Amino acid sequence: MIKISASEVNNLRKSTGAGMMDCKNALVEANGDLDKAIELLRKKGQKVAAKRADRDSHEGASIAMTNQEKTVGVAIVLACETDFVGKNTDFVNLAYKLASIALDCDSKEDLLKASIDRMTVEEKLLEQTGVIGEKIQINKFVKITAPYIGSYIHAGNKIATIVGLSKTNDSLLPHMVNISKDIAMQVAAMNPIALDESSVKSDVIEKEIEIAKDQLRAEGKPEAMLDNIAKGKLKRFFKDNTLLNQAFIKDTKISISNYLSSFDKNLTVTSYERISIG
């Protein structure tokens with residue numbers, strides 16, 4: 001049997017995250033060839049993946065990240081089967097690494113084809129499926145661009161958000177990190193359905209009006225009054241569920257729109273994304 005050194009095993013372990021014995025056995029089978037050993041571990045992952053294809057992967061890590069210029073933001077969910085794996089440091093580090101690669105990708109499909117550790121991301125996920133023994137996959141991928149982008153990851157990597165702001169300048173720049181984080185935290189906490197009332201889908205509005213009318217009829221309100229009262233309830237719906245109209249969680253006396261305009265009357269949110277595990 002070919003003799004495999006501890007340093008060779010350690011190098012393979014650093015590349016793949018596989019256990020010491022798995023690495024040693026793969027190197028022995030590959031006659032010390034590192035690339036072939038990586039391929040063997042990947043094939044093991046394929047076998048595990050095939051066996052676990054019907055398993056649910058509702059745990060994992062939600063990661064948000066921006067580029068250095070704060071003009072591109074991505075958020076991904078690296079999913080697994082159990083909370084135990086989802087909290088594992090190596091798993092979370094892999095999620096961060098994939099998010100950094102995602103900054104240069106336009107879709108989940110592009111990300112899966114991107115390179116990582118001398119293989120594609122798709123191959124890396126198969127490899128890690130073999131290493132961890134659970135179904136590992138990228139469940140969600142979102143990306144936005146804007147003049148300034150902030151991000152936020154909720155404790156435990158359960159929720160990740162990215163928000164795009166409409167402008168930045170010399171006077172705003174010292175405040176932008178805090179402003180963007182505040183808005184990203186707002187999105188995480190309050191989960192708005194749209195940016196503002198004009199962004200709410202017409203079928204959602206129609207449904208809310210009908211719900212309001214049904215409630216009013218149940219209360220015995222005259223049919224002639226239903227439209228006007230329902231419109232009032234719809235305004236409340238917009239206030240509670242659209243980001244710019246929501247009460248700011250750090251100061252409920254003002255709206256998010258008010259908060260932004262306190263720094264610059266033309267500052268607003270251009271887009272946002274919120275993702276979570278599950």
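Author: Let's start with a sheet: 3 strands form an open one in the order β6-β7-β10, with antiparallel pairing. Keep in mind that this is a predicted model, where local features need pLDDT of at least 70 and side-chain atom pairs count only at pLDDT 80 or more, while totals for chains, interfaces and linings use all residues. Residues are numbered from 1 along each chain as its sequence is written, and side-chain values use heavy atoms, with hydrogens and water left out.

Reader: What makes β6 and β10 the edge strands?

Author: Each of them, β6 (148-153) and β10 (269-276), pairs on one side only. Strands here are DSSP runs of E with at least two residues, helices are runs of H or I with at least four, and both are numbered from the N terminus. The twist from one strand to the next averages 10 degrees.

Reader: How do you know that β7 and β10 pair?

Author: Two strands pair if DSSP finds at least two bridges between them. Strand β7 (residues 159-165) and β10 have 7 bridges, in the antiparallel sense, so they pass.

Reader: How many bridges join β6 to β7?

Author: There are 6, and these strands run antiparallel. Ile149 has Gly164 in β7 as its bridge partner, and Tyr148 has Leu165. β6 and β7 form a hairpin with 5 residues between them, and Gly156 in the turn has a positive phi of about 85 degrees.

Reader: Why is Gly164 called buried?

Author: Buried means under 20% relative accessible area, exposed means over 50%, and partly exposed is in between, using a 1.4 Å probe and protein chains only. Gly164 is at 0%, so it counts as buried.

Reader: Which residues is Gly164 in contact with, leaving aside its neighbours within four places in sequence?

Author: Contact means heavy atoms within 4.5 Å. By that test Gly164 touches Ile144, Ala146, Tyr148, Ile149, Thr268, Val269, Thr270 and Ser271.

Reader: What makes β7 mostly covered?

Author: In β7, 7 of its 7 residues are buried. In a regular strand the side chains alternate between the two faces of the sheet. Here Ile159, Thr161, Val163 and Leu165 are buried on one side, and Ala160, Ile162 and Gly164 on the other. Helix α8 (residues 173-190) lies across β6, β7 and β10, running at about 135 degrees to β7. Such angles run from 0 to 180 degrees between N-to-C directions, with axes fitted to C-alpha atoms, for helices over the stretch in contact.

Reader: Which strands make up the open sheet that has β2 in its order?

Author: That sheet has 3 strands in the order β1-β2-β5, with antiparallel pairing. β1 (59-66) and β5 (137-145) stand at the edges with a single partner strand each, so one side of each has no neighbour in the sheet. β1 and strand β2 (residues 72-80) pair over 8 bridges in the antiparallel sense, and Ala61 stands opposite Leu78 in β2. Helix α5 (residues 89-102) packs on this sheet, touching β1, β2 and β5, and its direction makes about 145 degrees with that of β2.

Reader: Why is α1 called roughly perpendicular to α2?

Author: Helix α1 (residues 6-16) and helix α2 (residues 20-29) pack at an angle of about 115 degrees, with their axes 9 Å apart. Under 35 degrees counts as roughly parallel, over 145 as roughly antiparallel, 65 to 115 as roughly perpendicular, and the rest as oblique. That makes α1 roughly perpendicular to α2. At this contact, Glu8, Val9, Leu12, Arg13 and Thr16 in α1 meet Met20, Cys23, Lys24, Ala26 and Leu27 in α2.

Reader: How many aromatic pairs does a search of the whole structure find?

Author: It finds 3. One of them is Phe237 with Phe238, a tilted pair at 6.2 Å centre to centre and 55 degrees between the planes. Rings of Phe, Tyr and Trp (its six-membered ring) pair if their centres lie within 6.5 Å; planes under 30 degrees apart are stacked, over 60 edge-to-face, and the rest tilted.

Reader: What makes the pair of Tyr259 and Phe263 edge-to-face?

Author: Its planes are 85 degrees apart, with 5.3 Å centre to centre, so the pair lands in the edge-to-face class. Tyr259 has a relative accessible area of 9% and is buried, whereas Phe263, at 33%, is partly exposed. Ring pairs also link Phe248, Tyr259 and Phe263 into a cluster.
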